[in-house]
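Me: I'd like to learn how to read a structure like this one, feature by feature. Can we go through it together?

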Amino acid sequence: MGLSTALGTAISGLNSSQVGIGVVSQNVANAGTAGYVRRTVSNVDSISGRTVGINNPNVQRLLDRIVQHQLLQESSGAAYTATRAQVFANLDQLYGAPGSATALDSMYSKFTSSLQALQNDPSSYTNRTAVIDAASQLANRLRGLSDGVQQQRAQAEAGIGAAVTRTNELLDQLTDVNARIVNAPQTSATADLRDQRDRIISELSQYVEIRTDERPNGSVSITTASGTQLFDGRPTIRFEFDQRGNIGPQSQWSSDPAQRGVGTIVARDLSGNSFDAIANNTFRSGEIGALIELRDKTLVQAQRQLDEIAAQLASALSDREIAGTAVTAGAATGFDVDLAGLQSGNSVTLDYKVTPGGQTQRFTFVRVESAASLPLPASAQGDANNRVIGIDFSGGPASVAAQIQAAVGPGFAVSNTGSVLRIVDDGAAGTRDVVGLTARPTQTSLTGGTGELPFFVDGRDNGAYTGSYEGGAQSIGFASRIAVNPDLVADRSRLVVYDTSPMTPQGDATRPAFLYDRLTSSQRSFTNATGFDGSTATSSGTVSSFVQRVVAGQGQASEQAKRLDEGQQVAFASVQSRFLEDTKVNVDEEMSTLIELQSAYAANARVISTVKELLDVLMRL
């Protein structure tokens, strides 16, 4: 080996040692820096003629790509469950602990207890005042809960807007960093850029569940879990969110812009083409996915449950039940019922059995004032055992009978005499038996000879709650408008006096007993909009049991969300721990490497010094 060859080899070794010492120094200096990935130097031997050396040592980061990809997935999941758990905790706090003084079930129990006390002493002004006060507190509580739910929805709306803005910012930041990495030499500066890019991608994964793929030139491609490409050297789409203000119960998401009352996320590509990212199910996890689910499903269901409680409270105390009169028509049997008192939203129920041996089933016919209100919304629909059908009353009684006949089919015969509706079975054919026919008109006056009264009214106009579907369902947002009838507040004797001719005695317990029974004992049908346990079927029970079910269900949902988040955070921490174990800096190990590099540096320096001495000797010859 010639002196020049030895000198070249020593110099390349000296440069490699210097790079290695610099990397070790950088590792030690960043031992506690979040997002820093430990580096090492990869040396590649080079041979040129008779010269052997080290060619451009590469600085490489030490990490497990599989664990890194898993970490991104768990990060999205953790952001999703944490966001949900926080909102559920807020709802749980809003509703109050079951049985506590301000909890909804406690307020309701206070109201029913006051009715029971009035039943025991109807003439007591104190008891009457207690009923009004308890009812007012219950109505206030329902309005407060409704406002709280809508505030949570408004916060979710704002959160979606902020998250979409941040997602676009991160994609823009990624563009600059990624461009500086592409085809760059593997130096410490490039490793720093890769760390920076990973931090951006990590934050991005908290908003959207993503998949990454690094190309041979160092560029990265990012797609969502649903397959939508977000980034390929530069952002391939940008997200736009048309945030809405004044979120209320009627503000719902819809793929139809004319029906939509909340913001939606539009994804627009480089060519200007766009699609609705929410309708396309682009956000399945991450913070954005959680906020969309909370705004459009979870909190909407919570509002529907409150609206159902308010609607059932009002209807239970104001709706009369007029049972049909049994009739026969040849071999056919059935019932007559007068529909004269029905108002928009009131119903008529037909109970029947399919013979032989069939269980009792029901048709529920709901009055609407025009065909424009048909079909009824999905929230009004029943199930296979209770089919809910809207009937347009604008054409008169004969038209009503014809519409009902078309709905029930040939197993029944439907006719009318004026406002009296008759439904009988198929007689000798024996495929149907009519079990009952009941009209349920709303009592709109405080006196009328019956126990029903419009105790709770719609605060929008202080009118009776009838369940109307004209111009939208009256039930939507009713919890935010429910109020005690101001006429009843002004004349509390009407809690007892239900008839003025003859005048009901002040000590008569009929109406208080009736009201108490309607809330605590009478079975009522609840719509499928409440969505308990994911069910879309109607259910039945007392108003009291429904209130308890809502409060208990909210607490259970909050606990489930909390436990789901705890489990997800454990999984995230486990993967994060594995990733950190691979990437963290071990100072003792770095010191050991430093000693080796210092020794190599000294050896190469000694070779250079020796070559210099030999060259000096040769020059003196």
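Me: Let's start with a loop. Where does Pro502 lie?

Reply: Pro502 lies in the loop between helix H8 (486–490) and H9. Helices (H or I, at least four residues) and strands (E, at least two) are DSSP runs, numbered from the N terminus. Before we go on, this is a predicted model, where local features need pLDDT of at least 70 and side-chain atom pairs count only at pLDDT 80 or more, while totals for chains, interfaces and linings use all residues. Residues are numbered from 1 along each chain as its sequence is written, and side-chain values use heavy atoms, with hydrogens and water left out.

Me: Which kind of peptide bond joins Ser501 and Pro502, cis or trans?

Reply: Most residues other than glycine have a negative phi, and most peptide bonds are trans. The bond joining Ser501 and Pro502 is cis, with omega about 0°. There is also a cis bond from Thr355 to Pro356, with omega near 0°, and Pro356 sits in the loop between S14 and S15.

Me: And phi? What is the phi of Asn183?

Reply: Asn183 is not a glycine, yet its phi is positive, about 60°. This residue is in the loop between H4 and helix H5 (188–207). Asn183 is exposed, with a relative accessible area of 65%. On that scale, buried means under 20% relative accessible area, exposed over 50%, and partly exposed in between (1.4 Å probe, protein chains only). Asn246 also has a positive phi, near 55°. You'll find Asn246 in the loop between strand S8 (237–241) and strand S9 (265–269), and it is exposed at 79% relative accessible area.

Me: Now sheets. In what order do the 5 strands of the open sheet come?

Reply: Strands of a sheet pair through backbone hydrogen bonds, either parallel or antiparallel. Here the order is S11-S19-S14-S15-S16, and the pairing is mixed. Strand S11 (322–323) and strand S16 (386–392) stand at the edges with a single partner strand each, so one side of each has no neighbour in the sheet. Two strands count as paired if DSSP finds at least two bridges between them. Strand S14 (residues 347–354) and strand S19 (residues 432–440) pair in the antiparallel sense over 8 bridges, and Val354 stands opposite Arg432 in S19.

Me: Which helix packs on the sheet?

Reply: Helix H7 (residues 397–408) does, touching S14, strand S15 (360–368) and S16. Contact here means heavy atoms within 4.5 Å. The direction of H7 makes about 150° with that of S16. Axes are lines fitted to C-alpha atoms, for helices over the stretch in contact, and angles run from 0 to 180 degrees between N-to-C directions.

Me: How many aromatic pairs does a search of the whole structure find?

Reply: There are 9. Rings of Phe, Tyr and Trp (its six-membered ring) pair if their centres lie within 6.5 Å; planes under 30 degrees apart count as stacked, over 60 as edge-to-face and the rest as tilted. Tyr352 and Phe363 have ring centres 5.5 Å apart and planes at 20°, so the pair is stacked. Tyr352 lies in strand S14 and Phe363 in strand S15, so the pair ties together parts 11 residues apart in sequence. Both Tyr352 and Phe363 are buried. Phe363 also stacks with Phe365, at 5.9 Å centre to centre and 10° between the planes. Ring pairs link Tyr352, Phe363, Phe365 and Phe412 into a cluster.

Me: Last one: which residues touch the most other members of the largest nonpolar core?

Reply: In soluble globular proteins, nonpolar side chains tend to be buried together. A nonpolar core is a set of buried Ala, Val, Leu, Ile, Met, Phe, Trp, Tyr and Cys residues joined through side-chain atoms within 4.5 Å. Of the 50 residues in this one, Leu104, Phe111, Leu313, Phe455, Phe456 and Leu519 touch the most other members. H6 gives the most to this core, with 11 residues.
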